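Subject: Structure handover

Hi,

Here is the structure for you to look at. My notes on it follow below.

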Amino acid sequence: MILNIFAQVFGFIGSLCLLLFGMNMLSDGIQKGAGSNLQKLLGKIAGNRFTAVLTGIGVTAIIQSSGATTVMVVSFVNAEMLTLKQAIGVIFGANIGTTVTAWIVSLFGFSFSIADAAIPLFGIGFLLKRMKKFKIHNFADCFMGFAILFMGLDLLQKTLTLSSESAAVLQHLTNLGIGGLLLGVFIGAAVTALIHSSSAMTAIVLTMAANNFLTWELSAALVLGSNIGSTIDAVMSAFGATTNAKRTALVHVMFNVVGTIIVLCFFKPFLGLVDMIVPGTPASNITTHIAMLHTIFNVCSTLIFLPFVDQIAFLATKIIKTTPEESNSHYRFPAILPNSHVSADVYLFQIQKEISKMSAKIMEMFDIISNTLARAGRNPQEVEVEKSVDLVQQLEEYIDEMNEAITHFLQHVSRLPNANHEDRIHFSRLMTITDTLESLSDENSSIMYTLKKYIESESFNFVSDQTKKICGYLESVRLFYERVCVNFTIGMTGEQKYEYEKLEDEIDRTKKSLKYESRKRIESGSDVKAELAYIDLVRKIEKAGDCIYTIVQAI
């Protein structure tokens, strides 16, 4: 007796784990195959709440995971790539899109032997896995994931059997009235939060209902609870995130909790609406009834709340206020830590944005150096060189923190199971760019220190020919960097790369010319200390140009 119980329990756990593994593999395979297209779709939301809802439906229906979509959305809000209002629309749509899984299970899971379909699907996926020359091989996990999902569902049907006593307990919950329904909602939420998949929980409910272990009312309560439990991924993603990301997670929780409360207040009429839409009685066609209930609940909730997006966003900002830590002078990487539910491409957008911020900080350094030299020319006695040195040093330390955080994150996402070969190559290039930007910040800091020595030397004369040349030299390197920064986002043509090669050659020639002129001045009796500072300044500006050209090669 005890052995039979253990066998049944572990059989259920094993089949559930196989089902979850298949769902994750399916989601990862679609995301890996789709590449950056899903992220581009999310990025084109623009601000129209109806477009945002459709986008959420589409992305979630494709990747078969509302958890993955909501983590994407929280990540995008965290990286300031989506506004809170845009995110709310996508979350509404994601809740509708996740009902596709229930329909797949309902329509195909109980009408024929899905185990027979699993083996051919797995075979197709295995063959695609070997076709490395074609981009279609990235979809191999999609087919294999579907096969494993079907196997897990078939095993779940066979192992999910209850004794007459256990079945009677479940039947009795319905007789408890509102208390039984609330308990059903709680169980559905708890189990979904535990297994991190509302789709898997819905599959369990469908299987138990098909085996006559659950009544129509209790099945509905469990499905409603699974909607609340599905918010666990968004909540966990928001830990340590920005305030807006936390607000996005809060909206997701509020949407599902309040929607469930409204349905519970009109529970009988709501079930009656589903019965009117679906032909047949719940007893004769319960799986279709459950799938339809799941869809109608999310569609109705969206229709109720969609007109009040602005008010919902305002309420979220009132509940979760901006914290003082967000204005901290130390850098915090804004992206959510990677997990296996989300495509690596999601993080690619965020990393590129952070690298753009890093490049902007370096441009600030260039501006401080140029402005210090210009002010020194107007009045050397009043220029606050020490203040400029401190500002550049602060920027340099901040950029060091950015480099460490971004590089660590790039290493993390490159090891994600759904990162394909192209992703890893791109991440490697971004690591090179990030590291080179940090080296460029070091060179700028060194230029500032050397410029301080040059300005404070007794022979410094801003209007002299040599100082005008060093100003022009510094400006040419700054403009070179400014032009390259544009290519971070729009890419680079072959003609532009050739043009940048010529600019790099010109910077090298100018360095040789300025150093030669300085040596001639030393031979003529010029101040050795000032001329050595001048040569050092020329050399360091040229090294800054080398760093910029390294970025060109990485792009």
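**Aromatic pairs**

Searching the whole structure turns up three aromatic pairs; rings of Phe, Tyr and Trp (its six-membered ring) pair if their centres lie within 6.5 Å, with planes under 30 degrees apart counted as stacked, over 60 as edge-to-face and the rest as tilted. Phe-366 and Tyr-481 have ring centres 5.5 Å apart and planes at 35 degrees, so this pair is tilted. Phe-366 sits in helix H18 (residues 344-378) and Tyr-481 in helix H21 (residues 465-490), so the pair ties together parts 115 residues apart in sequence. Both Phe-366 and Tyr-481 are buried. Buried means under 20% relative accessible area, exposed over 50%, and partly exposed in between (1.4 Å probe, protein chains only). Ring pairs also join Phe-92, Phe-255 and Phe-305 into a cluster.

**How to read this**

This is a predicted model: local features need pLDDT of at least 70, side-chain atom pairs count only at pLDDT 80 or more, and totals for chains, interfaces and linings use all residues. Residues are numbered from 1 along each chain as its sequence is written, and side-chain values use heavy atoms, with hydrogens and water left out.

**Overall**

The protein has 23 helices and zero strands. These are DSSP runs (helices H or I, at least four residues; strands E, at least two), numbered from the N terminus. Of its 555 residues, 52% count as buried.

**Nonpolar cores**

A nonpolar core is a set of buried Ala, Val, Leu, Ile, Met, Phe, Trp, Tyr and Cys residues joined through side-chain atoms within 4.5 Å. The largest has 56 residues, and Ile-351, Ile-470 and Tyr-481 touch the most other members. H18, H19 (385-414), H20 (421-456), H21, H22 (494-523) and H23 (528-554) each supply at least two residues of this core. H23 gives the largest share, twelve residues. Leaving aside residues up to four places away in sequence, Ile-470 touches Leu-373, Leu-514, Tyr-534, Leu-537, Val-538 and Ile-541; contact means heavy atoms within 4.5 Å. A second, separate core of 34 residues includes Val-185, Met-201, Ile-204 and Ile-296.

**Cysteines and a charge**

The disulfide count is zero, taking a disulfide as a pair of cysteine sulfur atoms within 2.5 Å. Cys-300 is partly exposed because its relative accessibility is 29%. Cys-547 is buried, at 12%. Lys-361 lies over the face of Tyr-398, 5.0 Å from the ring centre; the rule is NZ of Lys or CZ of Arg within 6 Å of the ring centre and within 35 degrees of the ring normal.

Best wishes
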